[in-house]
Amino acid sequence: MTFNERLLALDRRWVFLVLTIFVIIPIFVKFAVPLSPPKEVRDVYNFIEDLKPGDYILISLDYDPGSLAELHPVAMAMLEQCYAKKLKVITLTLSQTGAQMAEEAVRDVADSCLVYHGFKPVPGIDYVYLGYKPYPGLIILGMGMNFRIPFPQDYNGTTLDSIPMMRGIKNYDNIKGVISLSAGNVSDMWVADGNGRYNVKLAFAQTGVGVADYYPYYQSGQIFGIIGGMKGAAEYEYLCKNPGTATDAMRTQVFAHAVVIVFIIIGNLAFFLGRRAKARTQESK
Amino acid sequence: MKYIILLFLTCLSLCLSQAILAQTASSDPPAEAALVPSEPPAPPGNLTLKDLPNDDGHGIAVKWDLSPDDGAGAKSVISYDIYRSLSPDAPDSLWKKAGTVVLGVKSYADKGNRESDNDDYLPKKTNLYYRVYAVGAGVRSVAAAAGPVQAYDNWFNTLKVPELIFCVVFLILTVRFINMAKRGIDLYVRPLAGIEAIDEAIGRATEMGKPILYCLGIGTAGDIATIASFTILGRVARKVAEYQTSMIVPCIDPIVMTIAQETVKAGYADAGRPDAYKEDSVYYVTSQQFPYVAAVNGTIIREKPATNIYLGYFLAESLLLAETGVMAGSIQIAGTDQVSQLPFFVVACDYTLLGEELYAASAYLGREPLLLGTLKAQDYLKAIALVCIFALLALRVFTGADVIHKPFDMPWW
Amino acid sequence: MEQAVSTGTILWTTVGVFLTLCLFSFLYKDNPFYKFAEHLVVGVSVGYWAILLYYNGVNPNLFSHLFVFATDPATKVQYNTWHPKFNEFYYVIPGILGIAMWTRFSRKYSWISRYPLALYLGIANGIAIPVTMKANVLTQMRGTVVGLGFEWSKVGFLGVPQGIWDVVVVVGTISSLIYFFFSKEHKGAWGGAAKLGIYTLMIGFGATFGYTVMARVSLLIYRIQYISDWWKMIF
Amino acid sequence: MKRQIPLVLVFIFGMLLAIQYFVPSEPSQRGYEFVLDWITIIGIFAMVLGIWSQVHVGWSKIKHRSENWQYSIVALVSMFAMIAFGLSPFGGLQGTIFRLIYNNVFIPIQATIFSLLAFYIASASYRAFRARSAVSTVLLVAALLLMLRVLPMGPLADPISSIGSWMLLVPNLAAKRAIAIGVGLGGVATALKIVLGIERSYLGKD
């Protein structure tokens, strides 16, 4: 049996074994994946980076626990970026099942800021979490008039006017931009009602499945950036120099994909070598 | 516990920050953003009510002219609230809120509930009255009651005309070609690779003395793909009986199992060997997707069937089954209507019936003129669909998008 | 975050991890561990499904129409009082049809079960005809005709106007449809169009396949996480 | 009696339900909902046949001591145990043991079987993606490009990613559309074959 015949008849269990090894390695060996974030992700990052301390930004965590794996890392990295830049962060959710999860995220990141940046953003001064209200389209429109229409109070029941950072903050005119992290069609409402009617500067983070549907909005300039799926999340973490769960998962993904690609290449090489060898033996006959 | 503490701390820090800020903020200008109820916007005008067409008689179509304050000014409208009542001068508490729409919208289809014990019950053939409020920032306009209006049953849904036309054309074509087939007119169909493979595969199983595994997918007996698979199963069973091979049919649904049993039995009877049919060869595994896959994979690896046939409705199990089949060294034939799973079958199986080829397969296998007739009808309707696409696109190119958009923007679609 | 984990939790999670490893062992070869896990999950799932059908199927869909239900004031759970009610007596029909399925236990009367089966198939197929026509044929036709923008000014892939790509979509759709024609052999120009169709299909399939790898690897990552969580819990 | 009446029933109910789609009136809607209940109820009663099939196949394996008969005991015991735990005396659907088994046996096993796909997708790629012919080369290249999107490709990342998006949005869309239209017509044809009684093998012989 020649070498390439043996390769062609390679037992699939070798594929399984190599894949297993390369999926497990990244769990123990942490190293940075060299990612090259595409423009649409860099646009989101640069937008936030270019804001000045004290600027207001609205982050809408419009996903449910089902999309947690892909969107939570973006939320974490982005919130930390905003807190570190001392932006005033308004957060809310338009997903019914996501209210508590979003609240925890907003607070957890604030807590971890103490460790990483030496200060703790204060609720009510540095950030506010407005909670969940039904009818996303109406909420988005209502906030265009005044935040107090859909959200007379924040998640904890404090009236907006008695929250220090919300004083004088009336509607989208007072904030620099909106970033919606969503797994579904809430994004369409943000485009139609938020950007379409009030010209809000808008960016999205979407799940890997849905992201393709929202690229046209990026191309047409209705949104200024888009972060797609686990890869986008890892890229965002990379830009923020804040590797988290998405980077971990991406490390495994890169390895797994590399394994599959290498095997495909090996298979084809063996196939071509075998075909040439066969042609040669036929010639010599 | 930790959350309670955290919540407590959050509240505490909030209170503290309030206290601190209360002192510093005293010099701040008054919070201009505060929601001061503005003047109420002007009410919407010209409220018209009609029975909602194409419904079960529990709906009213409400229309109005936008309020002059819609979309502009300090007292701009944010939304419109629609209320319904049984009497024009009922007190506010007896007006039921039927719905809310955002600014700029000037109609609302009020689809009530048809059960009289439901909170949102909208009675049929009864006088109803409506009010529409323009809602501004914290205030709403005045609203006058309009009505009466009554809701009626409708006997034909005019929005479904396109489907009706296509269905009727299809029926006519089918009947016409079946009649042609009955009269003995030869209907040509091109050869299909996967179909010939089925014949060969059964022959191979006979040579190897090994069974054939036929998997109907994870659909219920109500899924068309499963039904198409039954029609193929009958023919395969017949050939299996003729070749005197055995077959294994694991099913995911009891009804699927029952119909498959009848089908296989009939196939054996057609081949003239009804006694060779074994009831246990068509059996129920479980109704859950992944346990089913585990069991079928086990069967494949242990029985090492000469051929695996996967036809029907498949989801993620497509590749799970097909790769296991490769491990067992079986020839594999697959087909499904699930576009998302076709790539995996194409990659892992020897022959794949793509999409509608699954539906055509029974006609090919049986070669019965009547079945070929429906196949022809299918081709003709496909041609009609193509012509429609061409014509509409041409119309769109030559007349501009508006003309073509108009019919397509109707609620038909 | 140290949290006391109860012995019960550890025990049950260990069961889950053990079964997970049993199933992974199938990748090496069929073995008693896999066979055990396989038969266990089949049994459990049939039992689970039967119970689910009883509580969420028989009760709401049949018994609630034929018998008076009462609510337990303490637990708010509905229970069947077995007192017949008569205003929806016609629900006896599906009940009889269901019981007719059981005639399959008898050789002599098993033909009676064809009646409910015939009704089942008649109903399912009747519903399917217009719905399929609309959902597949008409919706996709509409997508082809008005779903695309045909914008010539907007720049798309490779700097080519988006409108051109929309035309490519239409051409791809039509040539793929031509590939599926059964009445005409793939010869000449027709065969050329069909060939274009099969290439379109293959690019689509390849892209879907390559795109899916990521989602499948994610599933594996979660499983490994599940095992490593257990590991951390124990050690 | 044994074949004719079922065929007539299929025709009548098939036609009625097809026509019902176009009739929005209240009696038609109520009738539709009632008839949908029939399907559910027939399915539930058929579950007894399913369980019987399980028991029958399992029991005959055990009785004849055929290969792997021991495992049939596992399947039967776990099935009846699960049913027993699910019955009211043990707390019904919310019963503790029922929930525990569901969460720690059923869910992990399901997720694990699903995750086997990661391995299978790798082995299938290795085996099947060979540039044997023009068609298979196209398949191979398309899949490869989409997989490369995930790798750090440096300056090549942007072009590869845009080719990938293009393939998903242009040829993939065309392929999906064409298949969907064909599947729709084929599905209607199949349903019509059953309703018109052209296809009747499912009714058995005699």
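A:Cys240 is buried, at a relative accessible area of 17%. The model shown here is predicted. A:Cys82 also counts as buried, and its relative accessibility is 0%.

How far is the sulfur of A:Cys82 from the closest cysteine sulfur? The distance is 8.6 Å, and that closest sulfur sits in A:Cys240. Seen from A:Cys240, the closest cysteine sulfur is the one in A:Cys82. A disulfide needs the two sulfur atoms within 2.5 Å. At 8.6 Å, the sulfurs of A:Cys82 and A:Cys240 are therefore too far apart for a bond. Over all chains, the disulfide count comes to zero.

## Cavities inside the structure

Now to the empty space. Rolling a probe the size of a water molecule over the atoms shows where such space is left. The structure holds four cavities of 30 Å³ or more. The second largest cavity has a volume of about 70 Å³.

## What lines the second largest cavity

This cavity is lined by 13 residues. Which of them are the closest to its centre? They are A:Ser36, A:Lys231, A:Glu235, D:Leu151 and D:Ala157.

Two helices each supply at least two residues of the lining: helix 9 (229-239) of chain A and helix 6 (157-169) of chain D. Helix 6 of chain D gives the largest share, three residues. By class, the lining of the second largest cavity has seven nonpolar residues, four charged and two polar.

Technical notes
Residues numbered from 1 in each chain as written. Chains lettered and ligands numbered in written order. Predicted model: local features only at pLDDT ≥ 70, side-chain atom pairs only at ≥ 80, totals over all residues. Heavy atoms only, no water. 1 Å grid on protein atoms, 1.4 Å probe; cavity = no way out; pocket = protein on both sides within 12 Å on 5 of 7 lines; lining within 4 Å. Points joined across faces, edges and corners; volume = space filled by probe spheres on them. Helix = DSSP H or I, 4+ residues; strand = E, 2+ residues; numbered from the N terminus. Nonpolar A, V, L, I, M, F, W, Y, C, P; charged D, E, K, R; others polar. Buried < 20%, exposed > 50% of the residue type's maximum accessible area, 1.4 Å probe, protein only.
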